Amino acid sequence: MVKALLFDVFGTVVDWRGSVAREAKKALAPKGHELDWRGFARRWRDRYQPAMEEVRSGARPYTILDVLHRENLEALLEEFGVSGLGEAEKDDLNRAWHRLDPWPDAVLGLSRLKRKYIIGTCSNGNIALMVNMARHARLPWDTILGAEVARAYKPQPDAYRLSCAALGLAPGEVMMTAAHNGDLHAAAAEGMATAFVPRRTEHGPGQTTDLEADPGFTVVAEDFIDLADRLGCP
């Protein structure tokens, strides 16, 4: 029944921690800052869910992730004692999230899956962010869907439901693919098929969450190449 695969992106398709650490070092080290770069990336990511929760709760109108990331960057720079950046420099550092590198299996696996299925994003990232990242990382998406299209942040039901509807497909004809159990449980609740692919170093060597799949998902694969094998993609 499955005709399309939609993907979580941050952590599932791309390595945000290593990429943001690299971009932060590139931007800040020449100005004399010597930080725990991966710690800087993790702390920026730690602010991600609280910022989106303000939108989910209705405390603020729908606001794209680029804006939330930029607001979080201001607080992060203060937390790490970083000063002396101009607004243009801050804007460029914020676009680090547009320049994330794929996991080693991602491009080949996606390219194989694309031969049989429609593939696209179901991410909390806004459209410009996702398009720029795809161009940087050579991700072969057919379409960009998710939060900005639905005007809702995962795991709100509309993020999944309206992404399927945008493809003209019923939820049961779409497989949500993610490295995060919670994301897949929310997708399954809307009737989507599910595929779990672990990224055991997403948060670093001490990661304790999402190391293995919870019971009940449609497919569990070790990486995107394994997923393509399991789904019969040439």
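Start by selecting Asn 181, which sits in helix H10 (residues 181-189); helices here are DSSP runs of H or I with at least four residues, strands are runs of E with at least two, and both are numbered from the N terminus. Before going further: this is a predicted model, where local features need pLDDT of at least 70, side-chain atom pairs count only at pLDDT 80 or more, and totals for chains, interfaces and linings use all residues. Residues are numbered from 1 along each chain as its sequence is written, and side-chain values use heavy atoms, with hydrogens and water left out.

Is Asn 181 buried or exposed? Asn 181 is buried, at a relative accessible area of 6% (buried is under 20%, exposed over 50%, partly exposed in between, with a 1.4 Å probe and protein chains only). Show what surrounds Asn 181: beyond neighbours within four places in sequence, its contacts include Phe 196, Asp 210 and Phe 217 (contact means heavy atoms within 4.5 Å).

S6, H10 and S7 form a right-handed β-α-β unit: with the strands pointing away from the viewer, the path from the first strand over the helix to the second runs clockwise. S6 and S7 (residues 193-196) run parallel and are joined by four bridges, and Met 176 faces Thr 194 in S7.

Stay on S6 and color by burial. Val 174, Met 176 and Ala 178 on one side, and Met 175 and Thr 177 on the other, are all buried. Strand S1 (residues 4-7) also pairs with S6 (residues 174-178), in the parallel sense over four bridges; pairing takes at least two DSSP bridges. Look for Ala 4 opposite Val 174 and Leu 5 with Met 175 as its bridge partner.

Zoom out to the whole sheet. Six strands make an open, parallel sheet ordered S5-S4-S1-S6-S7-S8. S5 (143-146) and S8 (219-220) are at the edges with a single partner strand each, so one side of each has no neighbour in the sheet.

Next, the packing. Which residues touch the most other members of the largest nonpolar core? Of its 57 residues, they are Phe 10, Val 13 and Trp 141 (a core is a set of buried Ala, Val, Leu, Ile, Met, Phe, Trp, Tyr and Cys joined through side-chain atoms within 4.5 Å). A second, separate core of 16 residues includes Leu 145 and Met 176.

Last stop: His 69 in helix H4 (residues 65-79). His 69 is buried at 1% relative accessible area, and its contacts beyond four places in sequence include Trp 44, Tyr 48 and Trp 97.
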